[in-house]
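Please read this note with the sequence and the model at hand. Each numbered point may be checked against the structure in turn.

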Amino acid sequence: MKFFEITKEPINIQEVIDKVVQREAGAITTFIGTVRELTHGKRTLFLIYEAYESMAVKKLEQIGREIEERWQGSKVAITHRVGRLDITDVAVVIAVSTPHRADAYEANRYAIERIKEIVPIWKKEHWEDGEEWIGNQLETKAYPSGKPEEDDLHE
Amino acid sequence: MNKVLFFAHLRDAVGKELIEINASGKTVGELKEELTEKYHLPRMETVMTAINEEFASNDEVIQDGDEIAFIPPVSGG
C-alpha cells in the first residue's frame with residue numbers, strides 16, 4: 001500500500017482514510033484541502049498544480065516519519081493531486097490516526113503546514129485577467145543559503 | 001553530465017523542463033549564478049536547490065551524474 005502519493009486523478013477520500021485504520025487508534029482526523037474561488041477578493045477560475053513528483057513523494061514520506069516520531073502510535077497517509085483543478089475540487093487529503101484525539105488533530109495540522117514548507121508542489125492560479133505561479137506571494141521569504149533553515153522547518 | 005530541472009515560473013523563464021550540462025565540480029551557488037545570467041531567471045534569491053531529490057545548500061559541490069533541481073517557493077496543499 002502506498003501511504004504517500006501524488007496523483008493526476010480525483011482523490012478517493014475514503015481510500016486515504018482506510019490506510020490509517022488501526023486497532024490501536026481512538027481517533028482519525030482527515031484534512032481535505034479544496035480549491036477556493038476567492039483569494040483577497042480576486043476570483044480564481046481554476047488552478048494547475050505541478051510537482052517534482054519523485055522528490056515530492058520522498059518529502060511526504062519524510063513528513064510521515066516526523067509525525068510518527070513525534071506522536072507515538074500515529075499512522076499517516078497523504079495524497080496530493082496535480083494537474084488542472086476546478087473550484088471546490090479536492091487538492092490534498094491527509095489522514096492521521098492516533099490512540100487519542102488531541103494528537104490526531106495536532107499531527108494533522110503539522111502535516112499540512114509542513115507540506116507548505118518542504119514539498120515541491122506548485123500551483124498556478126488562473127484568473128479572468130491573467131495567470132501566475134503562486135509561491136510566497138509577498139516574496140518576503142528568501143533562502144540565502146539555498147535551502148530551508150532549521151527555523152523555517154519548525155516555525 | 002548533469003540534468004538540471006526547472007519548475008513553476010523558472011520553467012516558464014527557461015522554456016524547458018530540463019537541460020543537460022556538465023556542472024560537476026561547481027558549487028550549487030556557482031551553477032545558480034551561471035544559469036541565472038544565461039536564462040535571466042527571476043527571483044532566484046527565493047529559490048531553493050535540490051541535489052538528487054534532497055535540499056542542498058549553495059556551497060555543496062556538484063558531482064558528475066547528480067540531478068539538480070531548482071525549487072521555487074512551494075505552494076502545495
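The points below concern salt bridges and helices.

1. This is a predicted model, in which local features need pLDDT of at least 70 and side-chain atom pairs count only at pLDDT 80 or more, while totals for chains, interfaces and linings use all residues. Residues are numbered from 1 along each chain as its sequence is written, chains are lettered from A and ligands numbered from 1 in the order in which they are written, and side-chain values use heavy atoms, with hydrogens and water left out.

2. Side chains of opposite charge can pair when their charged atoms come close. Over all chains there are 13 salt bridges (a side-chain nitrogen of Lys or Arg within 4 Å of a carboxyl oxygen of Asp or Glu).

3. One salt bridge pairs R11(B) with E50(A), at 3.6 Å from N to O. The pair crosses between chains, with R11(B) in helix 1 (residues 8-14) of chain B and E50(A) in strand 4 (residues 42-51) of chain A. Helices (H or I, at least four residues) and strands (E, at least two) are DSSP runs, numbered from the N terminus. Both R11(B) and E50(A) are buried (under 20% relative accessible area; exposed is over 50% and partly exposed in between, with a 1.4 Å probe and protein chains only).

4. A salt bridge also links E54(B) and K59(A), whose closest N and O atoms are 2.8 Å apart. E54(B) belongs to strand 4 (residues 54-56) of chain B and K59(A) to helix 2 (residues 53-70) of chain A, so this pair joins two chains. E54(B) is partly exposed, at 40% relative accessible area, whereas K59(A) is buried at 2%.

5. Within chain A, R84(A) and D86(A) form a salt bridge with closest N and O atoms 2.9 Å apart. R84(A) is partly exposed at 46% relative accessibility, and D86(A) is partly exposed at 31%. A network of salt bridges links K2(A), E5(A) and K19(A).

6. Which residues of helix 2 of chain B are buried? They are V28(B), G29(B), L31(B), K32(B), L35(B) and Y39(B). Seen down the helix axis, these residues fall within an arc of 160 degrees, so they line one face of helix 2 of chain B (the arc is that of the directions from the helix axis to the C-beta atoms). On the other side of this helix, E33(B), E37(B) and K38(B) are exposed.

7. Just after helix 2 of chain B, H40(B) has a positive phi of about 50 degrees.
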